[in-house]
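Hello, and thanks for taking a look at this one with me. Below are some numbered notes to read alongside the model.

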Amino acid sequence: MSVQPEMQLRSAMQVHPELVPAFESLPQFADPYEDIEATREGFHKMLAAFPADRTGVSSERFEIPRADGSALTVEVYRPEGGADTGPGQDARAAAPEGAGRALPAVLHFHGGGFVLGRSLPGQDRAAIALCRELPAVVLTVEYRLAPEHRYPAGVEDCYRALEWAAERAAGLGIDPARIALTGKSAGGGLSAAVALMARDRGGPAIVHQSLCVPDVDDRVGADEAAEDVETRVTTARDIQRAWRHYLPEGTAEAEAYAAAARATDLSGLPPAYVLVCDLDPLRDAGLAYARRLMDAGVPVTVRNVPGAWHGFELFAPDTRVAKEMTAHWTGQLREALYPAGG
């Protein structure tokens, strides 16, 4: 089947009217992989210049030993007060420590093309927001980054963090029956892969997988003829750069724990939420993965953000489109962690 109509649609860049000003102000997209260390340094300088508001949230960092003697860092964010007050209520007004039910937990895997995206200590904005708004204990995982550490290092770190959280649920104030996974972009792909690993290895139970603009298929952008030419947003070529850095050199076909779309059996996975953006080269692979989950009998909620590009909310956070997108995926996660009648 010809891909020409899709190419024409993507190249036309039918940007949502509310997002046009933000789109037109975008700089030319720079290759973050050209100098990875410089990209990481610039990213961390930007984060330091705009510290997160931690009001009502505390956090603690833990070091989890790896088999090789190194340590995996996990930061645990929790609402001040700690008890389960239910969705939409103020966790700070909870009963004294030890009272009430344990909180649900969310493991949050950051994006960044598998090579960057790690927040400064105590500064993960997504974790802080989820911690407050759900409320939940949110664990951020400082998984090993490529290309210094190629697959399977990063995803194994994420799975180890899941095991650790389940093993220490009582001490962390976590309800082990309400553990969810979430992440955007590469983090969404890692969430999908960890869900597969937990199923296959008989690991901790996962109640929900929230996959936001997930990078689940190493074949995205592999067909040079289908490559998008827009240079102000993430393109299929950029997606391929990420995979070339993440996968072991010489990989012809990714394993399922690297690219979840390669899995042949998706049955028995936890309910999923799949968020995609209209102008994102990851859109079609995300929708295809959602459809395959449905066909395998997995409950799935899908949302497409019309006229939006990959990461648009970073450039237009105050738009109605961005706020509605965030409210929707947060609401779906809340419903999964606080089921009606639960």
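1. Which side chain meets that of E167 in a salt bridge? The partner is R160, with N and O at 3.7 Å. E167 is exposed, at a relative accessible area of 55%, while R160 counts as partly exposed at 27%. Please keep in mind throughout that this is a predicted model.

2. Now the overall picture. The protein chain has 342 residues, and buried ones make up 53% of them. Its secondary structure consists of 11 helices and 8 strands. If you take the contacts between residues at least 6 apart in sequence, 77% of them join residues at least 24 apart. The accessible surface comes to about 15000 Å², and carbon and sulfur atoms account for 53% of that area.

3. In soluble globular proteins, nonpolar side chains tend to be buried together. Here the largest nonpolar core holds 104 residues, and the members that touch the most others are L139, Y246, Y289, W309 and F312. Helix α7, residues 186–200, gives the largest share of this core, with 9 residues.

4. How many of the residues of α8 are buried? The count is 9 of 11, so this helix is mostly covered by the under 20% cut-off for relative accessible area.

5. In helix α3, K45 and E41 sit 4 residues apart, about one turn of the helix. An α-helix has 3.6 residues a turn, so residues three or four places apart point the same way. The side chains of K45 and E41 meet at 3.4 Å, N to O. K45 counts as exposed at 56% relative accessibility, and E41 as partly exposed at 46%.

6. The other salt bridge joins R61 and E142, whose closest N and O atoms are 3.0 Å apart. R61 is in strand β1 (residues 57–65) and E142 is in the loop between β4 and α5, so the pair ties together parts that are 81 residues apart in sequence. R61 counts as partly exposed at 34% relative accessibility, whereas E142 counts as buried at 15%.

7. Where are the cis peptide bonds to check? One runs from L134 to P135, with omega near -15°, and P135 is in the loop between α4 (125–133) and β4 (137–141). Another runs from A146 to P147, with omega near 0°; P147 is in the loop between β4 and α5 (153–167).

8. Two residues other than glycine have a positive phi. For S185 the value is near 60°, and this residue lies in the loop between β5 (174–184) and α7. S185 is buried, with a relative accessible area of 13%. For V213 phi is near 35°, and its place is the loop between β6 (208–212) and α8 (236–246). V213 is buried too, at 10%.

9. Strand β5 also contains D175. The side chain of D175 reaches the backbone nitrogen of A177 at 3.0 Å. Not counting residues up to four places away in sequence, D175 touches A102 and L103.

10. L287, M294 and V302 make a nonpolar surface patch of about 210 Å². L287 lies in helix α9, residues 283–295, and counts as partly exposed at 32% relative accessibility.

Methods
Residues are numbered from 1 along each chain as its sequence is written. This is a predicted model: local features need pLDDT of at least 70, side-chain atom pairs count only at pLDDT 80 or more; totals for chains, interfaces and linings use all residues. Side-chain values use heavy atoms; hydrogens and water are left out. A nonpolar core is a set of buried Ala, Val, Leu, Ile, Met, Phe, Trp, Tyr and Cys residues joined through side-chain atoms within 4.5 Å. Buried means under 20% relative accessible area, exposed over 50%, partly exposed in between (1.4 Å probe, protein chains only). Contact means heavy atoms within 4.5 Å. Accessible areas come from the Shrake-Rupley method with a 1.4 Å probe; for residues, only the protein chains shown count as cover. A polar contact is a pair of N or O atoms within 3.5 Å; within protein, one must be able to donate a hydrogen and the other to accept it, and residues adjacent in sequence count only if both atoms are side-chain atoms. Patches are made of residues with over 30% relative accessible area and no salt bridge: like charges are joined within 9 Å, nonpolar side chains (Val, Leu, Ile, Met, Phe, Trp, Tyr) within 5 Å. A salt bridge is a side-chain nitrogen of Lys or Arg within 4 Å of a carboxyl oxygen of Asp or Glu.
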